[in-house]
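Q: I have a model open on my screen and would like to learn how to read it. Could we go through some features together?

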Amino acid sequence: MVVVMTREIKSELIEKAIAQFQTEGNVKSYGRYGNGHINDTFAVVFKEDVKEKRYILQRINHSIFKDPEKLMFNITQVTSFLKEEVKKLGGDEFREVVTVISTRNGNSFYSDSEGSFWRMYLFIEDASCFEQVDKPEDFYQSAVAFGRFQKLLSAFDASGLYEVIPDFHNTPLRYERFLQVVKEDKCNRAKEVKDEIEFFIKRKEDMECCKNYLDEGKLPLRVTHNDTKLNNVMIDNKTGKGLCVIDLDTVMPGLSLFDFGDSIRFGANTAAEDEKDLSKVSLDLDLFEQYVKGYLTGCEGSLTDTEISMLPHGAKTMTLECGMRFLTDYLEGDVYFRIHREEHNLDRCHTQMALVLDMEQKWNEMNEIVAKYR
Ligand code: ADP
Ligand code: GN1
Ligand code: MG
């Protein structure tokens, strides 16, 4: 068996976890996979005679997802619903929707002797996840896929879903928490980042705007993905179309603006989320337009006029919120997002700040683009 790069998790634990799930054949190899900041993801290759089949094995981040049973309940509910919808439309439920592999006991996850929780998905083959936009068409397709995801879930009864991370995109509440973390300054880092802290304090009102609209009943609460990064959608290698939305951990009631906005924050940035050279960071207005077009196409007319007109606010709010979350984590000692180098969270915070500044410069253009599609 070939084992590639497993870092801190003991191979015995991984192999024991793999053995719990309903798979066929023998394990040929496994190794770390993807670039998620939250879970530990592995690709596992099984071999039966000459046939090979891949699976995704994940150790769920238990310090973030406190109740894996509720988390997996949500995911099985949502994927079962989506599979029925996709079948009705004549699609391929195994490629267009994530498939949860049960354990040999029929559960959706396995808890090991060390208190870790594991799950397995079918590997979606012949499709790609991108870290950055290479071809604008891919970004357009990702928008159609996320919009379609939103549209398909519009008939889903959200009352049965658990709020796995309460107040996930409650930006004003995250702001309060940020102020508290600054005050506590556990790691004695606040003195190094005074300008950064001031940046977010100055934009408090921007961060409240969408939440106020929701509270005033001007924006509808929908079932949303809540983590619409480009690397959370798969593009079909053959057709080039958006194929499958993945990373369903945060599917919960939320705002369409935030699904739109998080995609812009990540994918319409001309630089990577952790780029150190801030001169490379900017909002690509052509990509912004592609995404507006694709998202509205995928949503098929289901968004209200107010939602559409506030799309730029969604982009700015998500960029501010994410930057503030990176800074909060830096101040707390990097306990939430996985980091790969010193000051990684601070670098990530800086790109988000630079992107917000560029959005402020391009605010009129962003609104003009959206107005074209209303
Ligand atoms: P995280 O919450 O840590 O971001 P994800 O569920 O997004 O974890 O998985 C991390 C990466 O693993 C994805 O960006 C993608 O590249 C890959 N991946 C996840 N699920 C699948 C799948 N079913 N098929 C193929 N690749 C997958
Ligand atoms: C995390 O899991 P991943 O890497 O797709 C985070 C998102 C952030 C993102 C920033 C559950 O997403 O909220 O926007 O990092 N997910 C969770 O890159 O906190
Ligand atoms: Mg992910």
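A: Gladly! Keep in mind that this is a predicted model. Let's begin with a side-chain pair: Arg32 and Glu8 are joined by a polar contact of 3.3 Å between their side chains.

Q: Is Arg32 buried or exposed?

A: The general idea is to compare the relative accessible area with a cut-off: under 20% counts as buried. Arg32 has 16%, so Arg32 is buried.

Q: Now a helix. How do I read which way its residues point?

A: An α-helix has 3.6 residues a turn, so residues three or four places apart point the same way. In helix H1 (residues 11-19), the buried residues are Leu13, Ile14, Ala17 and Ile18. They cover an arc of only 135° around the axis, and therefore lie on the same side of H1.

Q: What covers the buried residues of H1?

A: The cover includes strands S2 (26-32), S3 (40-48), S4 (51-60), S6 (110-111) and S7 (117-122).

Q: And the ligand: how many residues surround ligand 1, and which are the closest?

A: Start with the neighbours, then look at atom pairs. Ligand 1 is surrounded by 18 residues, the closest being Asn39, Gln58, Ile124, Asn231 and Asp247. A polar side-chain atom of Gln58 is 2.9 Å from an oxygen atom of ligand 1. From the backbone, an N or O atom of Ile38 lies 3.3 Å from a ligand 1 oxygen atom, and one of Leu122 lies 3.0 Å from a ligand 1 nitrogen atom. Of the 550 Å² of accessible area that ligand 1 has on its own, the protein covers 95%.

Note on methods. Residues numbered from 1 in each chain as written. Chains lettered and ligands numbered in written order. Predicted model: local features only at pLDDT ≥ 70, side-chain atom pairs only at ≥ 80, totals over all residues. Heavy atoms only, no water. Buried < 20%, exposed > 50% of the residue type's maximum accessible area, 1.4 Å probe, protein only. Helix = DSSP H or I, 4+ residues; strand = E, 2+ residues; numbered from the N terminus. Arc of directions from axis to C-beta. Contact = heavy atoms within 4.5 Å. Near = heavy atom within 4 Å. Polar contact = N/O pair within 3.5 Å; in protein donor to acceptor, adjacent residues only side chain to side chain. Areas by Shrake-Rupley, 256 points an atom, 1.4 Å probe, with all protein chains shown as cover.
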